[in-house]
Structures are given as C-alpha cells and as structure tokens.
Amino acid sequence: MGGTTKAAVTEVEVAGHTVRLTSPDRVIFPQRGFTKADVFNYYLSVGDGILRALRDRPTTLQRFPEGVEGEMFFQKRIPARGVPPWVETAEITFPSGRTAAELRPVDLAHVAWAAQMGTVVFHPWP
C-alpha cells in the first residue's frame, strides 16, 4: 500500500487566532539543532519586545525555508494564497511607483505566522 506521509502540523492559539505550524521538527539552525518549532516558540517568548519593534510597521520578512544554511530570500509582498484572513498588511510604494502589500504585525499572531513560514529575521520600516 503506497501513499504519502503528511508532515506534522500543530495548531497554536496566539492572540486570539489559530496559527498553523507545519513541519515543526524541520531543523532551522543545524549547528545547534534548533527546529522550526524552537524558532516559533522563541518569538512567542519574546512577544512584548518584538511587538514594540514591529507593531503596525510594514515589515519585510527574511525567510530561510530550508534552514539558515540553505537559500534565503527577502519577502516584501504577502503571498497571494494561503494567508489567514486575519493577517493585516500595509500598502507600500516604491520609488518606481510600484506598490506591495507588506506584513503589518498588529499582534503576536502575525509574528508567529511569519515564523511558521521560515522567517528568522524581521525588517520593519522606520
């Protein structure tokens, strides 16, 4: 009997929202053995501090979907699909005149959602 195995998924209540954490055992920091769940929980544990830095500010995400030793990219635009309906954005305009809907964290659920997507570093606008 063949088939595929579904990756582990955990649902966590954060700031009144359900945040899905997929592949919680994926190793993000190989030298230390820290997993995606460890990064997710770290951001929850420093919630007050990170929200002081990010709250209501357009934020570019520096994502490492395969861990910090893999490829990374900067994500300015919120993905077109798979975004929970409660995620807030801010429209930003580039010097070229183009615009983007960028993450605007209004609560800790936004930070947790970004961490679930492999975000390790947050770059808020001043």
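Two strands count as paired here if DSSP finds at least two bridges between them. I kept that in mind while going through this predicted model.

**Entry 1, the hairpin.** Strand β8 covers residues 99–103, and I found five bridges joining β7 to β8, with the two running antiparallel. Together β7 and β8 make a hairpin with five residues between them. I looked into the turn as well: Gly-97 there has a positive phi of about 95°. Then I checked the faces of β7. Ala-90 and Ile-92 make up its covered face, while Thr-89, Glu-91 and Thr-93 lie on the uncovered one.

How many of the five residues of β5 (residues 59–63) are buried? I got five of the five, so β5 is largely enclosed by the rest of the structure. Both of its faces are covered: Thr-59, Leu-61 and Arg-63 are on one side, Thr-60 and Gln-62 on the other. Next I looked up the partners. Five bridges join β5 to β9 (residues 119–124), antiparallel, and three join β5 to β6 (residues 73–75), also antiparallel.

Which residues of α1 (residues 36–45) are buried? My list reads Lys-36, Ala-37, Val-39, Phe-40 and Tyr-43. They cover an arc of only 165° around the axis, which puts them on the same side of α1. A reminder to myself: an α-helix has 3.6 residues a turn, so residues three or four places apart point the same way.

Note on methods: Residues are numbered from 1 along each chain as its sequence is written. This is a predicted model: local features need pLDDT of at least 70, side-chain atom pairs count only at pLDDT 80 or more; totals for chains, interfaces and linings use all residues. Side-chain values use heavy atoms; hydrogens and water are left out. Buried means under 20% relative accessible area, exposed over 50%, partly exposed in between (1.4 Å probe, protein chains only). Helices (H or I, at least four residues) and strands (E, at least two) are DSSP runs, numbered from the N terminus. The arc is that of the directions from the helix axis to the C-beta atoms.
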